[in-house]
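Student: I have a model on the screen and some terms to check. Can we go through them one by one?

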Amino acid sequence: MAVHEGGAIEFSEHKVLTISSNAGKISAQGVEEDYLETFQSDFKKEHMVFPGMVYISHPTEYGTLYTKEELQSLSRVCRRYHIPLFMDGARLGYGLMSNQTNVTIEDVAKYCDVFYIGGTKIGALCGEAIVFTKQNEPKNFTTIIKHHGALLAKGCLTGIQFLELFTDDLYFDISRHAIKMAEKVKKGFIDKGYQVYFESTKNQQFFILSNDKIEELKQKVKFAVWEKYDDQHRVVRFATSWATTEENVNQLLELI
């Protein structure tokens, strides 16, 4: 949000304030002690940017997940300081279907003030569903969307997609399929001696590859080079989706 979105939030006249994280996750203690307490005790705070909300992603950009207990703690801090807890749910389905999570969509609704259900990464052609959980939708919200040029004509078409995704648990079934494919990718890389960078049970898998292997794979495979590991290696991310087939995975594993 602070790096890869081209300054979009700052362009809308808000400021992103980053705090320290661990494997992509921020903690309630960090939010309170490292920022909110410091801010409130600063006698110059009237000249500073007032905190407007706490923003988290689930899963995170590293494929890690918040636990139910972590969400509870973050929610308590936000209530104490009267700011909303917002969850970026672009990959929410993949997080909810992980076999390593104790968080349900009901928990998300309970502890977050606002979250969104990602559609485009989980089968929808376009659109995301914003959920206000505490009867806290901003006044004239549709007008605000329109002011920012984001109100779609024929918006009912977006809604129809979510109606279908949540019929007969389709949203959760196709999310579960992506995780199954990701686990096969992970096992294939490990069996061939590659090192896992982050232990992930979601649709995103991170491995350490040599620079030469990355250049070789780039000719036939699309993946993300995430960050530098050392002078000879990089961390790369492979992401599966609702549309990934076993044939796709087998072809990748043959190439590595």
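Student: Which residue in S6 does Val196 stand opposite?

Tutor: Val196 stands opposite Phe207. Keep in mind that this is a predicted model.

Student: How do you know that S5 and S6 pair?

Tutor: Pairing needs at least two bridges. Three bridges join S5 to S6, residues 204-210, and the two run antiparallel. S5 and S6 therefore count as paired. They form a hairpin, with five residues between them.

Student: What makes S6 and S8 a pair?

Tutor: The cut-off is again at least two bridges. S6 and S8 have seven, in the antiparallel sense, so they pair.

Student: Why are S5 and S7 called edge strands?

Tutor: The sheet is open, with four strands in the order S5-S6-S8-S7. S5 (195-198) and S7 (224-230) each pair on one side only. From one strand to the next, the twist averages 35°.

Student: Why is S6 called largely enclosed?

Tutor: Buried means under 20% relative accessible area. Six of the seven residues of S6 are buried, so the rest of the structure largely encloses this strand. Helix H8 (residues 170-191) lies across S5, S6 and S8, at about 25° to S6.

Student: Which residues make the contact of H2 with H3?

Tutor: H2 (residues 28-41) and H3 (residues 68-80) pack at about 35°, their axes 8 Å apart. H2 gives Ala28, Val31, Glu32 and Leu36; H3 gives Ser73, Leu74, Val77 and Arg80. Five of these contact residues are nonpolar, one is polar and two are charged.

Conventions
Residues are numbered from 1 along each chain as its sequence is written. This is a predicted model: local features need pLDDT of at least 70, side-chain atom pairs count only at pLDDT 80 or more; totals for chains, interfaces and linings use all residues. Side-chain values use heavy atoms; hydrogens and water are left out. Axes are lines fitted to C-alpha atoms, for helices over the stretch in contact, and angles run from 0 to 180 degrees between N-to-C directions. Contact means heavy atoms within 4.5 Å. Ala, Val, Leu, Ile, Met, Phe, Trp, Tyr, Cys and Pro count as nonpolar, Asp, Glu, Lys and Arg as charged, and the others, Gly among them, as polar. Buried means under 20% relative accessible area, exposed over 50%, partly exposed in between (1.4 Å probe, protein chains only).
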